[in-house]
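Here are my notes on the model you sent.

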Amino acid sequence: MRLDKFLCEMNLGTRSQVKAWIRQGLVGVNGVSVKSADTKIDEDSDQITLRGQALSYRKYVYYMLHKPVGVVSATNDNTAKTVISLLGDHGSGNLFPVGRLDKDSTGLLLLTNDGELAHLLLSPKRHVDKTYQVTVEHMLSEQDIHRLEQGVDIGEEKPTLPARISVLDENTVLITIHEGRFHQVKRMLQAVDNRVTALKRIRFGGLELDETLPPGSYRELTEEEIAILQNVKKSAT
Ligand code: URA
């Protein structure tokens, strides 16, 4: 692999920053400073350093973002700000959001370059749990809750799969669904003549939103959180 690609894939900086560091002699390969960005390295056996600090190759990176209102869950957009842009220099690798939250939704969004994991988490066959804290226009009746728990008609071929509902207060409920249809939660509430006024994802595939992260901020997943995701991968093999 090229040295500049290696440094970019580790999300250390943009391609041009990485090239500048190499030119400035800040990057070492097996103890020798190299100045050429296209130097070929073996990411598994060569010792790479940046400013004297050893770097060990991580093929995959995982970030938890607390998505704020007003940004789109995309890598590029002509008009709106994207979730990738919120990651600053860390968003310079081949990261993408795992699934989507609407522009006006908030909460837990996983960003990674691990395509296999994303595919598993999003596969309709795997029914990965997603929990949303939902503010509704008016209080749900017992009957509404029952209907949502059984599955409702949202104008598609099949009704939604059974959901779990837990009422927090008059206007706030937690809804756990096991699929990811377009605008699903909003359409489910419409199906019971209600309306979502705010929607925040708090859990996704065993991960919980870190409530110490203010909206718009992000952090790397911990080892424990990565292990939770690895279990999703293992259980698929
Ligand atoms: N369901 C919705 O309607 N919107 C979201 O952003 C997520 C789930």
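The numbered points below go through a predicted model.

1. Ligand shell. The residues around the ligand are Leu101, Asp102, Ser105, Tyr132, His183, Gln184, Val185, Lys186 and Leu199. By class, the shell divides into 4 nonpolar, 3 polar and 2 charged residues.

2. Source of the shell. Helix H5 (residues 184–191) gives the largest share, with 3 residues.

3. Start with Asp102: an N or O atom in its side chain is 2.7 Å from a nitrogen atom of the ligand. Val185 uses its backbone: a polar atom there is 3.1 Å from a ligand nitrogen. A polar backbone atom of Lys186 is 3.1 Å from an oxygen atom of the ligand.

4. Cover. How much of the ligand's accessible area does the protein cover? On its own the ligand has 230 Å², and the protein covers 96% of that.

5. Pocket. The ligand takes up the space of the largest pocket.

6. Aromatic pairs. The count comes to 2. Phe6 and Tyr57 form a stacked pair. Their centres are 5.4 Å apart, with 25 degrees between the planes. The cut-off for stacked is under 30 degrees.

7. What the pair links. Phe6 lies in helix H1 (residues 3–9). Tyr57 lies in the loop between strand S4 (53–55) and strand S5 (62–67). The pair therefore ties together parts that are 51 residues apart in sequence.

Technical notes:
Residues are numbered from 1 along each chain as its sequence is written. This is a predicted model: local features need pLDDT of at least 70, side-chain atom pairs count only at pLDDT 80 or more; totals for chains, interfaces and linings use all residues. Side-chain values use heavy atoms; hydrogens and water are left out. A residue is near a molecule or strand if one of its heavy atoms lies within 4 Å of it. A polar contact is a pair of N or O atoms within 3.5 Å; within protein, one must be able to donate a hydrogen and the other to accept it, and residues adjacent in sequence count only if both atoms are side-chain atoms. Accessible areas come from the Shrake-Rupley method with a 1.4 Å probe; for residues, only the protein chains shown count as cover. On a 1 Å grid over the protein atoms alone, a cavity is a set of points where a 1.4 Å probe fits but cannot get out, and a pocket is an open set with protein on both sides within 12 Å along at least five of seven lines; lining residues have an atom within 4 Å of a point. A molecule sits in a cavity or pocket if more than half of its atoms lie within 2 Å of its grid points. Helices (H or I, at least four residues) and strands (E, at least two) are DSSP runs, numbered from the N terminus. Ala, Val, Leu, Ile, Met, Phe, Trp, Tyr, Cys and Pro count as nonpolar, Asp, Glu, Lys and Arg as charged, and the others, Gly among them, as polar. Rings of Phe, Tyr and Trp (its six-membered ring) pair if their centres lie within 6.5 Å; planes under 30 degrees apart count as stacked, over 60 as edge-to-face and the rest as tilted.
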